[in-house]
Amino acid sequence: MPLLEVRDLTVSFHTSDGLVQAVRGVSFDVEKGHTLGVVGESGSGKTVCTQTLLGLTPGADVSGQALFDGRDLLRMSPAELQRVRGARIAAIFQDPLSSLHPLYTVGWQIVEMIRAHRHIARSAARARAIELLDMVGIPQAASRVDDYPHQFSGGMRQRAMIAMALALDPDLIIADEPTTALDATVQAQVIELMTKLQTEFDTALIIITHDMGVIAETADEVMVMYAGKAVEKADRRTLFYFPHHPYTKGLLESIPGSTAAGERLRPIPGQPPSLISIPTGCAFHPRCQYVMDRCISEVPPLFDIAGGHTSACFLPTQILGLGEDVDRERASAAAAGRAENGAAARLAARATEEIETAGVHLPDAGVLAGAGMSDRSRGPRTSQNSPDDAGTQP
Ligand SMILES: Nc1ncnc2c1ncn2[C@@H]1O[C@H](COP(=O)(O)OP(=O)(O)OP(=O)(O)O)[C@@H](O)[C@H]1O
Ligand code: SF4
Ligand SMILES: [Mg+2]
C-alpha cells in the first residue's frame, strides 16, 4: 500500500475576481521511501496541492481524498492534523526565513519542535539538535546551535530547515522549491544532502520545483502539472526519455544547458493561463503546436501508456520521446486531427512559428546532459525503445 494515496483532489478559492480553480482533480501516490517530483510552471497549483494535504489552505473549497497510512488527511480534525504535521509529515519551504522565527535561536526552535511531539528532556533534545545540525553540515554545530537565523547564510538556513524536518524521523517530507532561493553551487549541495539523508532515513519525499534539473537529480516518479491538473505521470527515466505530453516535451526542450532538443532550446510559447479563466478542452491547447480540433472542446483524460505512465493528451499513445523523427510523427498525427484553416490549425501554426522564431541555437550540448541524468538513472526499460537509442538521438 502506498504511504500516501491522493485521489481526485480538487481545491478552489473564492476571490473577488472569481473562482480560482487551483487544483482540478489530481490523483497520485507516494510510495514509502520514494521521491515524487512535482514539476510545472508558476501558478500550476503545485503548492496549493501539497499545502492542502497539510491543512494549510484555510478558506478553500476542498474535495477528494488523501489517505496517509490509510487515514484521510482531508478529514482529520485540526488537532489530529497537527500531530501528524512535524512528527510524521514534515515540510521544507522555499524561504526558510519565513519558517524560522527571527527572535529565537535555531537550536531553540529545533528543541521546541522535538519537545512538542516527544517527551524528552531539554538537554537530550538539545543534544539531538546539535547532532542534526552537524549531520546537515553546519560547521561547529555545538556553538552555532545558539545562533539566530539571521546569523546563518541562506544555504545554512535551508540546511537547518532540513535538520528540523528530519528531527522527528518523519515518514514523509514535503519540500516546496527548497533550493530556488539559493545560488547554483549551494543548490547542488543542498539537493545532494537531501537525497543522501532521505536514503539514510528511508523517508518518502515530495519535491516541488519548476526546475527539471532538480527532478532529474532527485525523483523516482514524476508528476507534471499544468493549470491545476496532472498532465503526465511516469517514472523519472520514462519521463525524460519517452515523454508523451507536448507540455512535458516543452519543459524538457527548454532546459538551459541540457537541450533535450539537440542543439536548440525551444521555449514553450505563450504564458500559463489564469486559473480563474481556464481554456476550454485541453488547457494547454492555446500554446500547443499539435493542437487538434477536439482539443479545443474536449478535456483529455489521463490515458494509460504503459507501466504506470499516463498522459492527458489526445495524441496517439505510441508517439513517445524526443527528437525530429518523433516530432514529425506528432505533427502528422496532429494534422490528421484538424480541419484545414480551422481554429486548431491557426493556433498550431502560431505556436509553431513562435517556437521557431524564439528557439535558441546552441553548440551540441548532448541530450539531457545538463539535466543531471546520470547513468545510474538509465535502468532497463520494458517498452519498445532502448534508452541508449534515446540517449544518442539528435
Ligand atoms: N489563498 C489563496 N487564495 C486565492 N488564490 C490562491 C490562494 N493560494 C493560491 N492561489 C492561486 O492558486 C493558483 C495556484 O497557486 P500555487 O501557489 O499552487 O502555484 P505553484 O504551482 O505553486 O506556483 P509557483 O511555482 O509560482 O510556486 C495560483 O493562481 C494562485 O494565485
Ligand atoms: S495535442 Fe491536444 S490534447 Fe495534446 S497537449 Fe496538445 S492541445 Fe492538449
Ligand atoms: Mg509554489
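Which residues come nearest to ligand 1? Of the 14 residues around ligand 1, these are Phe13, Ala22, Ser42, Thr47 and Val48, a residue being near a molecule if its C-beta atom, placed from the backbone, lies within 6 Å of it. The model is predicted: local features need pLDDT of at least 70, side-chain atom pairs count only at pLDDT 80 or more, and totals for chains, interfaces and linings use all residues. Residues are numbered from 1 along each chain as its sequence is written, while chains are lettered from A and ligands numbered from 1 in the order in which they are written.

Strand E1 (4-15), strand E2 (18-30) and helix H1 (46-53) each give at least two residues to the shell around ligand 1; helices (H or I, at least four residues) and strands (E, at least two) are DSSP runs, numbered from the N terminus. H1 provides the largest share, three residues. By class, this shell holds five nonpolar, eight polar and one charged residues, where Ala, Val, Leu, Ile, Met, Phe, Trp, Tyr, Cys and Pro count as nonpolar, Asp, Glu, Lys and Arg as charged, and the others, Gly among them, as polar.

E1 and E2 also belong to an open, antiparallel sheet of four strands, ordered E2-E1-E4-E5; two strands pair if DSSP finds at least two bridges between them. E2 and strand E5 (71-72) are the edge strands, each pairing on one side only. Antiparallel pairing joins E1 and E2 over 10 bridges, and Thr15 has Gly18 in E2 as its bridge partner.

Around ligand 2 there are 14 residues, with Cys282, His285, Cys288, Cys295 and Cys313 the closest. Its shell comprises 12 nonpolar, two polar and no charged residues.
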